[in-house]
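Hello,

Here is the structure we spoke about. My notes on its side-chain contacts follow below it.

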Amino acid sequence: MNRDLKLYLQQLWQSILFWSVAMSVYAILRYYGIDEEVGITVIEEFRGNSGVLKAVIAHLTIGVLIGILYATIDFFFDTYSSNKLLMVYDIIIRTLLYFVFTIAVFTIVLELFSTLYNIALNTDRGWWKEDKSFWATVLYIILVSFVFTFIKIAIEKFGKGVFLKMLMGKYKTPQEEKRIFMFLDLKDSTTIAENLGHFKYSQFIQDCFYDLNEVVPKYDAEIYQYVGDEAVLSWPYKKGLANNNCVDLFFAFQQIKHNKSKYYLDKYGIVPEFKAGLHGGALMVTEVGVIKKEIAYHGDVINTSARIQAECNTYEVLLLISEKLLKDLKTNASLSSTFLGSVLLKGKQEEVKIHTIDKV
């Protein structure tokens with residue numbers, strides 16, 4: 001399956017699930033037992049348990065449609081315009097689109113349920129302007145959107161599955177996990193920085209990492225940290241091996257830079273090249289910090305990954321991988337590996353066998 005389509009479908013079901021639950025909860029909070037409240041008049045169709053059920057179905061339908069539309073808008077902006085628009089314009093345009101489509105969804109659902117249950121609901125042009133129930137629902141949607149955005153940011157920050165584990169306190173004490181790490185570093189960074197100057201060099205790195213972020217979600221990677229002109233990526237071991245994600249991400253990143261070579265040459269006079277080191281295995285993960293909490297990884301795996309990447313200069317290659325990790329990969333006809341030898345990495349007592357991988 002196309003990786004863009006896979007990513008869209010993943011975002012789609014998450015959005016549909018969230019908004020379906022959120023709108024169903026809103027319907028229950030708003031209509032359950034309301035006909036028993038003193039001084040409140042409710043139309044017959046929304047009285048009692050059957051009325052609440054109708055309201056839940058209506059709001060569930062709204063939630064599904066909103067989930068589809070919001071996910072589609074977010075995917076389009078994240079894929080095609082996130083690097084081209086200033087954040088303030090991005091937020092304004094997205095908000096306007098959300099609002100317009102929300103009105104459309106409510107109008108469609110109101111007309112549908114008016115027909116199904118023969119209820120006299122107002123769906124005339126501009127109905128929403130004076131409808132207090134609509135604006136109350138919009139306020140709820142805005143508040144819930146903040147929750148959804150917070151969850152997305154937390155997941156992006158800590159990685160899929162990690163945020164929930166943090167909430168449950170799993171990493172309060174160190175836990176052992178098996179992961180793959182990639183250290184990705186800009187080649188000839190010192191020379192480039194001297195030629196460009198610190199301001200333009202900063203823009204250059206920013207553009208490079210924008211391109212990297214385009215491929216990271218498509219290959220199920222997590223960005224552990226940025227350190228200057230270096231990025232550290234990580235995968236749960238099985239996810240990194242699946243479809244050769246940990247290797248194919250590097251070549252996808254290269255392809256993006258190749259496709260944008262004219263842009264880089266026109267703006268900076270150079271096309272960036274990155275070198276990478278890959279290794280995997282068991283290590284410890286724990287929550288550190290109080291004022292600023294982070295997930296930290298400790299162990300030989302992360303140190304070895306960094307030192308394998310440092311050997312790229314020695315062998316004049318862009319990608320190195322440990323033999324241990326290579327054996328677990330299911331390389332296909334599009335990839336070829338070359339054994340380079342055993343090296344005694346700095347700070348280690350045992351030699352590590354390393355290979356380079358190329359696209360055929």
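Arginine 179 is buried, as its relative accessible area is 2%. The model is a predicted one. Arginine 179 makes a salt bridge with glutamate 177, and the closest N and O atoms are 3.3 Å apart. Glutamate 177 is buried as well, at a relative accessible area of 14%. A network of salt bridges links Glu177, Arg179 and Glu222.

The count of salt bridges comes to ten. Another of them joins glutamate 287 and lysine 172, at 3.3 Å from N to O. Glutamate 287 is in strand β4 (residues 274-288) and lysine 172 in the loop between α5 (162-167) and β1 (175-186), so this pair ties together parts that lie 115 residues apart in sequence.

Aspartate 211 is buried, with a relative accessible area of 0%, and lysine 260 is partly exposed, with 26%.

On to the rings. There are 28 aromatic pairs. In one of them, the ring centres of tryptophan 19 and phenylalanine 148 are 6.4 Å apart; the planes stand at 70 degrees, and edge-to-face means over 60, so the pair is edge-to-face. Tryptophan 19 belongs to helix α1 (residues 3-31) and phenylalanine 148 to helix α4 (residues 132-158), 129 residues apart. Tryptophan 19 is buried at 1% relative accessibility, and phenylalanine 148 is buried at 16%.

Phenylalanine 99 and tryptophan 135 have ring centres 5.8 Å apart and planes at 25 degrees, so they are stacked. This pair connects helix α3 (residues 87-117) with helix α4, across 36 residues. Phenylalanine 99 is partly exposed at 25%, as is tryptophan 135 at 37%. Both belong to an aromatic cluster that also includes Phe106, Trp127, Trp128 and Phe134.

Two lysines lie over rings. The charged end of lysine 178 is over tyrosine 237, 4.4 Å from the ring centre, and lysine 257 is over the face of phenylalanine 253, at 4.9 Å.

Last, the surface: Trp13, Leu17, Val21, Val25 and Leu29 make up a nonpolar patch with about 510 Å² of accessible area together. Valine 21 is in helix α1 and is partly exposed, with a relative accessible area of 47%.

Regards

Note on methods. Residues numbered from 1 in each chain as written. Predicted model: local features only at pLDDT ≥ 70, side-chain atom pairs only at ≥ 80, totals over all residues. Heavy atoms only, no water. Phe/Tyr/Trp six-rings, centres within 6.5 Å; stacked < 30°, edge-to-face > 60°. Helix = DSSP H or I, 4+ residues; strand = E, 2+ residues; numbered from the N terminus. Buried < 20%, exposed > 50% of the residue type's maximum accessible area, 1.4 Å probe, protein only. Lys NZ or Arg CZ within 6 Å of the ring centre and 35° of its normal. Patch = residues over 30% accessible without salt bridge, like charges linked within 9 Å, V, L, I, M, F, W, Y side chains within 5 Å. Areas by Shrake-Rupley, 256 points an atom, 1.4 Å probe, with all protein chains shown as cover. Salt bridge = Lys/Arg side-chain N within 4 Å of Asp/Glu carboxyl O.
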